[in-house]
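Biologist: I should like to go through the assignments made for this structure and hear the reasoning behind them. Please set each value against its criterion.

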Amino acid sequence: MTTAKPPSSSSQAGEFDLGALLAERGGERYELHTKYLNHQLPRMLHTIGFDKVYERGEGAYFWDADGNDYLDMLAGFGVMGLGRHHPVVRKALHDVLDAQLADLTRFDCQPLPGLLAEKLLAHSPHLDRVFFGNSGTEAVETALKFARYATGKPRILYCDHAFHGLTTGSLSVNGEDGFRDGFAPLLPDTAVPLGDLDALAGELRKGDVAALVVEPIQGKGVHEAPPGYLRAAQELLHRHKALLIADEVQTGLGRTGDFYAYQHEDGVEPDLVCVAKALSGGYVPVGATLGKDWIFKKVYSSMDRVLVHSASFGSNAQAMAAGLAVLSVMENEQIVANARATGELLRSRLSALIDKYELLADVRGRGLMVGIEFGRPKSLKLRSRWTMLQAARKGLFAQMVVVPLLQRHRILTQVSGDHLEVIKLIPPLIVGEQEVDRFVDAFTAVMDDAHSGGGLMWDFSKTLIKQAVANR
Ligand SMILES: Cc1ncc(COP(=O)(O)O)c(C=O)c1O
């Protein structure tokens, strides 16, 4: 028998030169996307003037080719929880690559998944085990499958306006027709209004419900479960031998000022918890489904069933190293406390503007998950413009605010879902007073402009109206 020698770690990287490739062809980015990827993205970006060339990112900022800085209040839909290129996460990734581990043999037990599971579970002591996948939607799919198998019942309840991902199982619990249309038949799951315990009880009485899946704060519109709802829902579910699934893909890992958003109220102990996004450190896609021991023991009830739910890339060393580094930074840099304090500052500064601006209807959320809602103005002059926009398409005013925030103030935000007059702010959790000042000053300037009833902003509304009408 011969023993293979490990190859020398000094072997050359070969011919491939990423820097040269980017230098040579980086300028073709929009054409390449139009030709080979989802062509509607560059089309939309051209329409609203978001077709920039960004070159570098760090923390809560990124820079364009001319060296202008942009404040990121979107965090890559939440994946940049620690901002871009956190040095501790970068170092962990360099280290794990340099370690040249024998990863993904699939028939051994690596140390990093166990260590990351231990750390995640330490933040939710009532849970016992973790399944690692590769995205938020996969974390939700896992929870849906585990709930069905463990309870032996088929139906999942979800909330109106819910968002849990876009693969077919997660789409079956999506509360928005715009995402579902044309993809039927989906799983025969059922929507209930967020906060409506009677509706929940009515469905549970039918006896076929495996679980309720719920975002403690809905990403769409930034709507929070009413006080006491999660706990009462949990009690009802358990009485009917059904499970509570908390989807913390967006709200988890400190975003709302608690490690998990369900922890805002005492006594809420979901049976399954889904996380993803920020656990990646902004680098390596990852998803995790945390659950109670009895659920995992049922799903993996015998050796024959060892692979009954698994993923080829699940638990890969890079994702695990990034996750461990993220959790370490969260502890050492008091990320959760910062999200709570900075979020309160941001919301209180924005709430103070409600009396000043008639188009501003509400500021809500928790921690650094903030919703700004616009509403029908009282004065005649603004009301006619508002009505015109609403007639073309609901959500256009919020879009009108997002555009100058980027164009004139170099701040990236998003409208919080189709047909909603709500902007959602989910910045990296490392932002502080400086970023709050910059955002509030810019937002005030945009609101001043909107309330003047004229100017560039309302001119731009004509483009949006034309586009909305053409898209019908
Ligand atoms: C609450 C929630 N669940 C699930 C998902 C899906 O995550 P992913 O895009 O990683 O599949 C998202 C994504 O935005 C989300 O916000």
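Modeller: This is a predicted model. By the rule applied here, the count comes to 23 salt bridges.

Biologist: What makes the contact of E58 with R56 a salt bridge?

Modeller: The closest N and O atoms of E58 and R56 are 3.3 Å apart. The criterion asks for a side-chain nitrogen of Lys or Arg within 4 Å of a carboxyl oxygen of Asp or Glu, so the pair qualifies.

Biologist: Why is E58 called partly exposed?

Modeller: The relative accessibility of E58 is 45%. Partly exposed covers the range between the 20% limit for buried and the 50% limit for exposed, so E58 is placed there. R56 also has 45% relative accessibility and therefore counts as partly exposed.

Biologist: How do you know that D72 and R84 form a salt bridge, and which parts of the chain does the pair link?

Modeller: Their side chains meet at 2.6 Å, N to O. D72 belongs to strand β3 (residues 69–72), whereas R84 lies in the loop between α4 (75–78) and α5 (87–98). The two residues are 12 residues apart, and the pair links distant parts of the chain.

Biologist: Are D72 and R84 buried or exposed, and why?

Modeller: Buried means under 20% relative accessible area. D72 has 1% relative accessibility, so D72 counts as buried. R84 has a relative accessible area of 19% and is therefore buried by this criterion.

Biologist: What joins R349 and D437, and where do these residues lie?

Modeller: The side chains of R349 and D437 meet in a salt bridge of 2.8 Å, N to O. R349 is in helix α14 (residues 335–351) and D437 in helix α17 (residues 433–452), 88 residues apart. R349, at 28% relative accessibility, counts as partly exposed. D437 is also partly exposed, its relative accessible area being 29%.

Biologist: Which residues are linked in a network of salt bridges?

Modeller: The network links R155, E203, K206 and D208.

Biologist: How do you know that the span of helix α16 agrees with its number of residues?

Modeller: Helix α16 (residues 396–407) has 12 residues, which at 1.5 Å a residue should span 16 Å. The end C-alpha atoms are 16 Å apart, so the two values agree.

Biologist: Why is α16 called largely enclosed by the rest of the structure?

Modeller: The reason is that 10 of its 12 residues are buried. The buried residues are L396, F397, A398, M400, V401, V402, V403, P404, L405 and L406.

Key
Residues are numbered from 1 along each chain as its sequence is written. This is a predicted model: local features need pLDDT of at least 70, side-chain atom pairs count only at pLDDT 80 or more; totals for chains, interfaces and linings use all residues. Side-chain values use heavy atoms; hydrogens and water are left out. Helices (H or I, at least four residues) and strands (E, at least two) are DSSP runs, numbered from the N terminus. The expected span of a helix is 1.5 Å times one less than its number of residues. Buried means under 20% relative accessible area, exposed over 50%, partly exposed in between (1.4 Å probe, protein chains only).
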